[in-house]
Amino acid sequence: MPQTVRGVIARSKQSPVELVDIVVPDPGPGEAVVRVQACGVCHTDLHYREGGINDDFPFLLGHEAAGIVESVGEGVAEVQPGDFVILNWRAVCGQCRACRRGRPQYCFATHNATQKMTLTDGTELSPALGIGAFADKTLVAAGQCTKVDPAAPATVAGLLGCGVMAGIGAAINTGAVGRGDSIAVIGCGGVGAAAVAGARLAGAAKIIAIDLDDRKLATAVDLGATHTINSTGQDTDGVVDAIRAVTDGFGADIVVDAVGRPETYKQAFYGRDLAGTVVLVGVPTPELTLELPLIDVFGRGGSLKSSWYGDCLPSRDFPMLIDIYLQGRLPLDTFVSETISIDEVEAAFEKMHHGQVLRSVVEL
C-alpha cells in the first residue's frame with residue numbers, strides 16, 4: 001500500500017522550503033523504496049529551490065543520501081530488502097553508446113523511478129536528481145541503490161552520493177592525479193575539500209588548496225593539503241604566481257576548479273604546467289561565458305576537462321571508498337559540520353550561503 005511520510009519540498013522559485021506529507025507508492029518493476037537514514041544538504045538542492053535547474057516545481061529536495069532498502073519491485077536483482085545503500089543519480093542504462101563502448105561512467109541515458117511521489121492532494125513531485133531524499137522514505141530506480149558495507153555510518157556514507165564523490169572523482173578519475181604529482185584545488189568547499197582528500201589518497205606530492213576563507217583552508221590542511229593560498233584580493237596573475245611559487249616555477253600538473261566561474265577557470269588554465277590538466281567540477285550558472293586566446297589553448301597543450309559526478313561509476317567507486325574509509329584512510333567524518341533534523345533544512349541553506357559549513361547532514 002502507498003505510504004504517507006514527511007518530506008521537504010520547494011513549491012516555487014526561491015520560496016522557503018516546507019515540511020509536508022508526501023505519498024510514496026509501492027515500488028513497481030525495477031524500482032525500490034528506501035528508508036532514508038541520512039541526507040546531506042548540497043548546493044544542488046539550493047539550486048533547485050532557487051529555480052536554477054528547471055521550473056518543474058514542486059521539487060522534493062535531497063539527493064546525497066544513504067539508507068535501508070525497504071521493498072523492491074518486480075525484476076529487481078541488484079538489491080534486496082535490508083540492504084544498506086548509498087543513493088546515486090547515475091543508474092546506468094547499459095544500452096546507450098557510452099555503455100556499449102565500455103564507458104558506463106559517462107552513461108547518457110541514466111534512469112529514475114517510473115512512478116511519481118505526490119503530495120496528499122495528488123500533485124506530482126519532481127525529486128531532486130531523481131532521488132528526493134529529504135524524506136523518511138523515497139522511491140527510486142533500483143539501479144540508483146548502491147550496496148555498501150553497513151559498518152559505515154549513514155551520515156558519512158551518504159556524502160559519497162554527490163559532493164564528496166564529485167570532488168574525489170575530479171582528482172582521481174578525471175584528473176588522473178597520481179603518485180608524485182602536483183595538484184592545485186581552487187575553491188575548498190565540500191567538493192574542493194574532497195578533491196584535496198582524493199589527491200592525498202592518490203599519493204600526490206604537492207596539494208595546493210586555494211580559497212578566500214582561512215577556515216576552509218585549515219580544513220583542507222586537515223584533509224591533506226601541503227600548501228595553502230588565500231586568494232582574497234588577488235587577480236588571476238597573483239593566483240597563478242602563487243601556484244608557480246610552490247611548483248618550482250612551472251605550475252601544477254593538475255588544477256581543479258571547484259568554483260565554476262570564468263575568473264577561477266582562468267586561474268586554473270594558466271596555473272597548470274605546460275601539457276597539464278584543467279578539471280572543471282564547479283557547476284557554472286547558465287549566463288557565464290569564458291574568453292581565452294585560442295593561441296594559448298593551443299600553445300599550453302594538455303587537457304581541458306569537465307568532471308560529471310567525478311566521472312564515477314557508483315557500483316565500482318562507492319563500495320571501494322567506503323572500504324577505504326573503514327580502513328581509516330579517508331576521513332569522511334571531517335566533512336560533516338553538523339547533523340540536523342528534517343525541519344532545519346532552510347536554516348542549513350542559510351549557513352551554506354555564508355560558508356559556515358562543509359556539510360549539514362539531515363538525520364532521519
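**Charged pairs and cysteines**

Modeller: D213 counts as buried, at 16% relative accessibility (buried is under 20% relative accessible area, exposed over 50%, and partly exposed in between, with a 1.4 Å probe and protein chains only). The model is predicted, so local features need pLDDT of at least 70 and side-chain atom pairs count only at pLDDT 80 or more, while totals for chains, interfaces and linings use all residues. Residues are numbered from 1 along each chain as its sequence is written, and side-chain values use heavy atoms, with hydrogens and water left out.

The partner of D213 in a salt bridge is R215, with the closest N and O atoms 2.7 Å apart (a salt bridge is a side-chain nitrogen of Lys or Arg within 4 Å of a carboxyl oxygen of Asp or Glu). R215 itself is exposed, at 52% relative accessibility. The whole structure holds 11 salt bridges. Another of them joins R359 to E64, at 2.7 Å from N to O. This pair connects distant parts of the chain, 295 residues apart: R359 lies in the loop between α11 (345-353) and β18 (360-363), and E64 in strand β5 (residues 64-72). Helices (H or I, at least four residues) and strands (E, at least two) are DSSP runs, numbered from the N terminus. Both partners are buried, R359 with a relative accessible area of 6% and E64 with 1%.

A further salt bridge is formed by D83 and K147, whose closest N and O atoms are 3.5 Å apart. Here too distant parts of the chain are linked, 64 residues apart, with D83 in the loop between β5 and β6 (84-87) and K147 in strand β10. D83 is buried at 8% relative accessibility, whereas K147 is partly exposed at 48%.

Strand β10 (residues 145-147) also contains C145, which is buried with a relative accessible area of 6%. Beyond its neighbours within four places in sequence, C145 is in contact (heavy atoms within 4.5 Å) with residues including A32, V34, I86, N88 and V140. N88 is 57 residues from C145 in sequence, yet their C-alpha atoms are 6.4 Å apart.

The number of disulfides is zero, a disulfide being a pair of cysteine sulfur atoms within 2.5 Å.
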